[in-house]
Amino acid sequence: MTSSNANLMDLMSRIDMQKLAQVASKVDLPRLLEAASNLEDHQLRGLMRMLSGGPKEPAALPEVNGDFFDVAATLSERQREVQRKVRAFMEREVAPIINAYWSRDEFPRQLIDRFRELDLVREIWNEDGTRKPDASVVEGIVTMEMARVDVSTTVFFGVHAGLALAAIALGGSEEQRREWLPKLMNFEVIGAFGLTEPEVGSGVAGGLTTTCRRDGDGWILNGQKKWIGNSTFSDITVIWARDEADDQVKGFIVRNDTPGFSVEKIMGKIALRAVENGQITLKDVRVEEQDRLQRADSFRLTADVLRLTRAGVAWQGVGCAMGAYERSLRYAQTREQFGKPIGNFQLIQSHLVHMLGNVTAMQTMCLRLSQLQDQGQLRDEQASLAKVFTAARCRETVALARELHGGNGILLEHDVARFFADTEAIYSYEGTNEINTLVVGRAITGFSAFV
Ligand SMILES: Cc1cc2nc3c(=O)[nH]c(=O)nc-3n(C[C@H](O)[C@H](O)[C@H](O)COP(=O)(O)OP(=O)(O)OC[C@H]3O[C@@H](n4cnc5c(N)ncnc54)[C@H](O)[C@@H]3O)c2cc1C
């Protein structure tokens, strides 16, 4: 007996003849058999699934988590606590409102009270202007968590608690630090940082045109500043100006209500629309000597401030890319096409894996960067490399996120459109891609390609 005959005999022996007769009395059995034999394999499999009680419950999907290498596990309990606090604040209080503010070029100022309650600045800075031993790692994690939901919120915090506060901490006298730092830490006074000018961006080190001139007990400032974050509502702006007498760059704490100081909000941005950037005009603005940063006598001090904050901008790229990746994964698990979640498709998985690789490389690079900074070993070219690398990888990641969302990717309500647009600003500020590339290129080759 052949094996197929044996299978047939086995099958026949298992058929219940009484039930077969019952079925035959109700349907045309030979026709049913013929129709079944004409079905494709996958149709037959579907039929069998149906007979065995329909499709099985899908297995629970993996958790959406952009921290694939568990960088969080390397943090101290205090750092983890700060991370959890910022994550909860961003998800509960910023995420629901930010698209509305972004679309009308407005910063949600009611968040300032919440920033005061969160008391994050004291996790980074001491009241005397020194930094906590793990300040850079904490600042990095805070930045990443904010940018994971919204980059504009990060920029508000970074300009106030990073650039403006650092300028006074590094450049101010003891009295100036005593006077301003607690107010900045408490968000009683909001700070801005005015360096860039309409005609001078990358070339600020040698090209500032805003001037200061000694006049008795004070100084007279004239010029313009462009792109100055927070300046439309800040109380003070640190203004960098070239001294007409010795040609050196000096820093001033300028109260925004000083006569001759005016700010116009920059409209029509396609990125970071919830950051309020101002164009400032200084027309014979008088600042007392006591408000000149006493330790800022040359651009070297300005560069020190920028050096301190550059790592933070690299972390913005990490958070922004992480947010875009996590939203994309969630979307891929839920958005269905051709009868199944798009996460089933190989090309979509390829996009997600590419994004996650970027996020993980950026995140681990930035953690090491901040550790070096906290150990006092960070070199300029290392911060520049991190800025160049993360901005480029972030740009690639948010573009994939936009693509993965199809048409919905250009709608604000899905968030990735905001990440996509905001990345363009990350790419250009705190040293453009080109300038940071030249810094790294000079360090590794020994040849300066700056012209
Ligand atoms: C959203 C946003 C917020 C900002 N916030 C602030 C703020 O709060 N305070 C503040 O002071 N500034 C702020 N800036 C300004 C920012 O730092 C500048 O935009 C940045 O330094 C670049 O200057 P720029 O835009 O004038 O470009 P430019 O310097 O005019 O550069 C134009 C192009 O030329 C390239 N380039 C320039 N020089 C060289 C060179 N030597 N070799 C090769 N390529 C070169 C640049 O890389 C760039 O691609 C902000 C900018 C933006 C967009």
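Guide: A crossing of two helices is left-handed if the near helix is turned anticlockwise from the far one by less than a right angle, and right-handed if clockwise. Helices (H or I, at least four residues) and strands (E, at least two) are DSSP runs, numbered from the N terminus. This is a predicted model, in which local features need pLDDT of at least 70, side-chain atom pairs count only at pLDDT 80 or more, and totals for chains, interfaces and linings use all residues. Residues are numbered from 1 along each chain as its sequence is written.

Visitor: What is the handedness of the crossing of helix 13 and helix 15?

Guide: The crossing of helix 13 and helix 15 is left-handed.

Visitor: At what angle do helix 13 and helix 15 pack, and how far apart are their axes?

Guide: Two packed helices are described by the angle between their axes and the distance between the axes. Axes are lines fitted to C-alpha atoms, for helices over the stretch in contact, and angles run from 0 to 180 degrees between N-to-C directions. Helix 13 (residues 380-404) packs with helix 15 (residues 433-445) at about 135°, and their axes are 8 Å apart. That angle makes helix 13 oblique to helix 15. Angles under 35 degrees count as roughly parallel, over 145 as roughly antiparallel, 65 to 115 as roughly perpendicular and the rest as oblique.

Visitor: Which residues make this contact of helix 13 and helix 15?

Guide: Two residues are in contact if their C-beta atoms, placed from the backbone, lie within 7 Å. Helix 13 contributes Asp380, Glu381, Ser384, Leu385, Lys387, Val388, Ala391 and Ala392, and helix 15 contributes Asn433, Asn436, Thr437, Val439, Val440 and Ala443. By class, the contact of helix 13 with helix 15 has seven nonpolar, four polar and three charged residues. Ala, Val, Leu, Ile, Met, Phe, Trp, Tyr, Cys and Pro count as nonpolar, Asp, Glu, Lys and Arg as charged, and the others, Gly among them, as polar.

Visitor: How do helix 13 and helix 14 pack?

Guide: Their angle is about 160°, with the axes 9 Å apart. Helix 13 is therefore roughly antiparallel to helix 14. Helix 13 passes helix 14 in a left-handed crossing. Among the contact residues are Ala391, Cys394 and Arg395 of helix 13 and Phe419, Phe420 and Tyr427 of helix 14. This contact of helix 13 with helix 14 has 11 nonpolar, one polar and two charged residues.

Visitor: What is the handedness of the crossing of helix 5 and helix 6?

Guide: Helix 5 passes helix 6 in a right-handed crossing. Helix 5 (residues 77-103) and helix 6 (residues 111-118) pack at about 160°, with their axes 12 Å apart. They are therefore roughly antiparallel to each other.

Visitor: How many residues surround the ligand, and which are the closest?

Guide: A residue is near a molecule if its C-beta atom, placed from the backbone, lies within 6 Å of it. Here 22 residues surround the ligand, and the closest are Leu195, Gly201, Ser202, Thr432 and Glu434. Strand 1 (191-194), strand 3 (218-229), helix 14 (416-428) and helix 15 each give two or more residues to this shell. The shell divides into 13 nonpolar, eight polar and one charged.

Visitor: Where does UniProt place the feature "domain: Acyl-CoA oxidase/dehydrogenase middle"?

Guide: UniProt (unreviewed entry) places that feature at residues 192-285. The chain there is 4% helix and 52% strand.

Notes:
UniProt positions are given in the numbering used here, feature names are shortened, and annotations may be inferred rather than shown by experiment.
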